[in-house]
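Dear colleague,

Please find the structure below, handed over for your review. A summary of the findings follows it.

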Amino acid sequence: DKYGRPVCLVALKNLDIKRMMREVSEKEYFDYELHRWEYMNSLLTLISHEKNILAQWVVIVDMESFSTDVFSRSGLNYLRKPHKVLNKIHKELLGPIIVINTPSIFQGLWTVAKYFVTKRTRQKVTVYGSNYNQKLKNILHDDDIANLSTTSKMMGRGGVGGGNGSA
């Protein structure tokens with residue numbers, strides 16, 4: 001981003017949580033997330049030392065074509081377990097969390113759910129809906145914003161998880 005922080009794009013397009021839970025054990029998913037968080041920790045440590053700052057990663061969650069199956073109790077528990085543990089270990093890794101292309105159901109659910117997360121986490125989350133280009137100009141370069149839609153579409157193809165990754 002404009003401040004030198006790495007940006008992680010989590011494209012939820014085509015996320016098939018039921019298939020993922022069938023084909024990827026909780027341990028395998030935890031190990032994957034642990035590897036991803038350890039990689040980000042190494043990268044952020046390097047950036048922090050180079051710039052003499054506490055570097056954090058920016059997470060952009062693209063909910064275009066998002067399935068509400070993730071909101072099932074089993075889906076939420078499956079996705080939440082590793083993050084709950086890893087967030088305790090690496091609580092300073094996460095910077096802003098920006099949610100784009102949110103369906104109307106998410107707006108309502110977030111209105112309720114935000115009271116069940118810590119104030120600190122709540123302050124990091126910003127929901128932009130589908131009108132996000134101008135708002136993202138505060139933190140991303142213009143060419144990164146232009147590539148965001150293309151990257152999200154590419155990441156949304158194939159795979160059990162429907163394409164989580166970084167941009």
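The structure is a predicted model, and the account begins at its surface. A patch of positive charge is formed there by Arg73, Arg80, Lys84 and Lys88. Of these residues, Arg73 is located in helix α3, which covers residues 73–89. Arg73 has a relative accessible area of 72% and therefore counts as exposed, the cut-off being over 50%.

Turning to the interior, nonpolar side chains tend to be buried together in soluble globular proteins. The largest nonpolar core in this model has 27 residues, and those touching the most other members are Leu12, Met20, Trp57, Val59, Val61 and Met63. Two or more residues each are given to this core by β1 (7–11), α1 (17–23), α2 (26–51), β2 (57–62), α3, β3 (94–100) and α4 (104–113). Helix α2 provides the largest share, five residues. There is also a second, separate core of twelve residues, with Val58, Ile98, Leu140 and Ile145 among them.

The loop between α2 and β2 contains Ala55. Ala55 has a relative accessible area of 4%, and because this is under 20%, the residue counts as buried. Ala55 and Asn41 are 14 residues apart along the chain, and their C-alpha atoms are separated by 9.4 Å.

The remaining findings concern charged pairs. Side chains of opposite charge can pair when their charged atoms come close.

In helix α1, Glu23 and Arg19 are four residues apart, about one turn of the helix. They form a salt bridge whose closest N and O atoms are 3.2 Å apart. Glu23 is partly exposed at 43% relative accessibility, and Arg19 is also partly exposed, at 32%.

Lys27 is exposed, at a relative accessible area of 57%, whereas Asp31 is partly exposed at 34%.

Helix α2 also holds Arg36 and Glu33, which are three residues apart and so separated by about one helical turn. The salt bridge between Arg36 and Glu33 has its closest N and O atoms 2.8 Å apart. Both Arg36 and Glu33 are buried.

With kind regards

Definitions and conventions
Residues numbered from 1 in each chain as written. Predicted model: local features only at pLDDT ≥ 70, side-chain atom pairs only at ≥ 80, totals over all residues. Heavy atoms only, no water. Patch = residues over 30% accessible without salt bridge, like charges linked within 9 Å, V, L, I, M, F, W, Y side chains within 5 Å. Areas by Shrake-Rupley, 256 points an atom, 1.4 Å probe, with all protein chains shown as cover. Salt bridge = Lys/Arg side-chain N within 4 Å of Asp/Glu carboxyl O. Lys, Arg positive; Asp, Glu negative; His and termini not counted. Charge placed at Lys NZ, Arg CZ, Asp CG, Glu CD. Buried < 20%, exposed > 50% of the residue type's maximum accessible area, 1.4 Å probe, protein only. Core = buried A, V, L, I, M, F, W, Y, C linked by side-chain atoms within 4.5 Å.
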